[in-house]
Amino acid sequence: MTSADKQLSPLFPHRHLLGIEGLSPSDITALLDLADTYVEQNRQVDKKGSVLRGRTQINLFFEASTRTQSSFELAGKRLGADVMNMSVSSSSVKKGETLIDTAVTLNAMHPDLIIIRHQNSGAVELLSQKVSCSVINAGDGAHEHPTQALLDALTIRRRKGKLQGLLVAICGDILHSRVARSNILLLNAMGARVRVVGPPTLMPSGIERLGVEVFHDMKKGLEGVDIVMMLRLQLERMTGSYVPSQREYFHFYGLDYAKLAHAKPDALVMHPGPMNRGVEIDSAVADDIDRSLIREQVEMGVAVRMAVLDALSRNLPNELPLAGGRA
Amino acid sequence: MSRTAFINARLIDPASGFEERGNLLVENGIIADLGPALFNDGLPDGAEVVDCNGRVLAPGLIDCRVFTGEPGAEHRETLALASKAAAAGGVTTMIVMPNTNPVIDDVALVDFIERRARDTGVVHVHTMAALTKGLEGREMTEFGLLLEAGAVGFTDGVKAVANAQVMRRALSYAGHLGALIVQHAEEPTLATGVMNESELAGRLGLAGIPAIAETIMIERDLRLLETTGGRYHVAQVSCEASVEIIRKAKTRGLPVTCGVSAAHLQLNENDVQSYRTFFKLSPPLRAEQDRRALVAGLADGTIDVIVSSHDPRDPDVKRRPFAEADFGAIGLETLLPAALALVHNGDLPLGRMLAALTCLPSDLLGLGRGRLVTGLPADLVLIDTEVPWRLEAANLKSISKNTPFEDRLFQGRAIRTMVGGRTVYVQGEER
């Protein structure tokens, strides 16, 4: 631990990636540049690298996930790490072993990188204090999902050539969305302008003080934007608790061509997935190869996660610590 | 005959505003005499002499809101240990809440607490009994019989009485008995979050508890109080709007009082920043503006009493992600130091601060204590108002170490505590 603290790589001087908060624009740019190189590598026949050879990566998911977990798994494997997937159902944790016990147990197996997703905000930060390896937040409650924001930024940058000065609308369930929070922080840091669009019941209080413009009318919110970023709305939140019904939600906040027409003619559409087709996004829009970046986002996801793993691994100790040194 | 002579003390009686350099004599557990001229003819025979060196000698503190783990959760804290923590904090009387297992909603259980406290504790312990049976918010408890058994008030502790009809009848029925009804003012359907609802909660991705959860409940209860009579006390106010509501109600002459916790007077929501669960309190820590309004409310008398809201929680329920962790923090040993910080900041005169911890809670609960008056039981605290020190959790008496003040620097503390003429705590000397 101490040797890792001593020399942090100037490329990305952090031991963990817990959120976008705390990253500088140059940290973000460094990760995106590195990710660009991995995009090329992933398109080759031989996709295998060796930066993480000998390293052990654990994917610890307390919340079910298909794409994020497989994306991290593939990213680790392509860099040569040994990857172990652990899905811990939240019920078994509730029953007995505390989160911290789980972390301490895993830490004793000397992993180098742990990727954690947890349903509670702050849980990943809590775990990072209890382990001696690098921790990557793969989503904690409604707090942050930094690799999603990075992959979104990479996708945008590759298509638009820049982030600075773009107008981005994030639409839907802002209140419960870690994707929204990480994206707001990242896009603001990189000089884009951010709008949030959704019904008042799905907006956190004080959201405007995060440096965003708030719109409840989607057509107005999409006026002149370069990027429309849709968020997933959990179905159980659409039956009267936050919004009256799916039908009403789609009518006012579902993205279809009629609403998209208010955005710039070359505006692009994004969604972190998994999509509720016909609820927050019309199928035709989602599948429109000229407008939708959704497939590309998945591709960028692997590259960004390789970049993050690579960058953090440069700050891991290289020599074996003395016996017991990592306990 | 046992005698203790306190000499060279700065005697402060917050109730009368009396403050003078002088001496005080305790005889057989009673304050026998006090004043500047006392002992001019020499010290009494056989008296233990305590030289106060000019430090403050005040009535022992009365803490109206203490949770313990006894009965049912003794691993968190027993009455005996809580009373030791109280003594170390200068608290000579603590009022324990009914949120135990079983719930204190029956005469026999009040009796159990009083006996356990008498047999194992070192400070006075009184019970605030449950307001509704099983804390379920449906049927009122036997107010009259419980009062006769020694209960000093009625509350559902950390649970709000949400049902307006139940509250209305409780106020109405308690009125003719003169019983105090204490509300945890929080509309449960609005208070589903885990911290103050604010920009910070939005950034941290934590569900918020809006201030209106508190104000709606207080406003509702005050409307009921207008028609029912009775005595109504808000256990803890946490926000500016509540202070304003109670200030106006008092002006209108309504029989309402309220308390504030020492933590809420010292801390604000920014302390939650790093997801530290020791700052997860109910009501939640609010914005700095709210904290300042609480201090102002205390200074102008809108807020009557300061409480510790001492609530021991073990690591199993605290070392968790913020949303999963229990609410609550210990506070008996930091009650006085945290309150003294307000005095040092110039927010509050020392006398006013001490009143909120002595005579005012005594009057609220009808204890007939909290004063430096001849003939009263000798519940006293000797306070060094100046000594700087750092709070180390390991040095706390409580088994549960969930203090929000860990590693904080304080100025001033209790250095000697006497309960009924018996010295129960001397700083640096364990008894």
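User: Is Cys258(B) buried or exposed in this structure?
Analyst: This is a predicted model. Buried means under 20% relative accessible area. Cys258(B) has a relative accessible area of 1%. That makes Cys258(B) buried.

User: How far is the sulfur of Cys258(B) from the closest cysteine sulfur?
Analyst: The closest cysteine sulfur belongs to Cys239(B). A disulfide needs the two sulfur atoms within 2.5 Å. The gap here is too far for a bond. The distance is 11 Å.

User: Is Cys239(B) buried or exposed?
Analyst: Cys239(B) is in no disulfide. Its relative accessibility is 1%. The cut-off for burial is under 20%, so Cys239(B) counts as buried.

User: How many disulfides does the structure hold?
Analyst: A disulfide is a covalent bond between the sulfur atoms of two cysteines. Cys239(B) takes part in none. Over all chains, the number of disulfides is 0.

User: What radius of gyration does chain A have?
Analyst: Chain A has 327 residues. A compact globule of that length would have a value near 20 Å. Chain A agrees with this, at 20 Å.

User: How many helices and strands are in chain A?
Analyst: The C-alpha atoms of chain A fill a box of roughly 65 × 45 × 35 Å, along the principal axes. Within chain A there are 13 helices and 9 strands.

Technical notes:
Residues numbered from 1 in each chain as written. Chains lettered and ligands numbered in written order. Predicted model: local features only at pLDDT ≥ 70, side-chain atom pairs only at ≥ 80, totals over all residues. Heavy atoms only, no water. Buried < 20%, exposed > 50% of the residue type's maximum accessible area, 1.4 Å probe, protein only. Helix = DSSP H or I, 4+ residues; strand = E, 2+ residues; numbered from the N terminus. Rg over C-alpha atoms; globule rule 2.2 N^0.38 Å.
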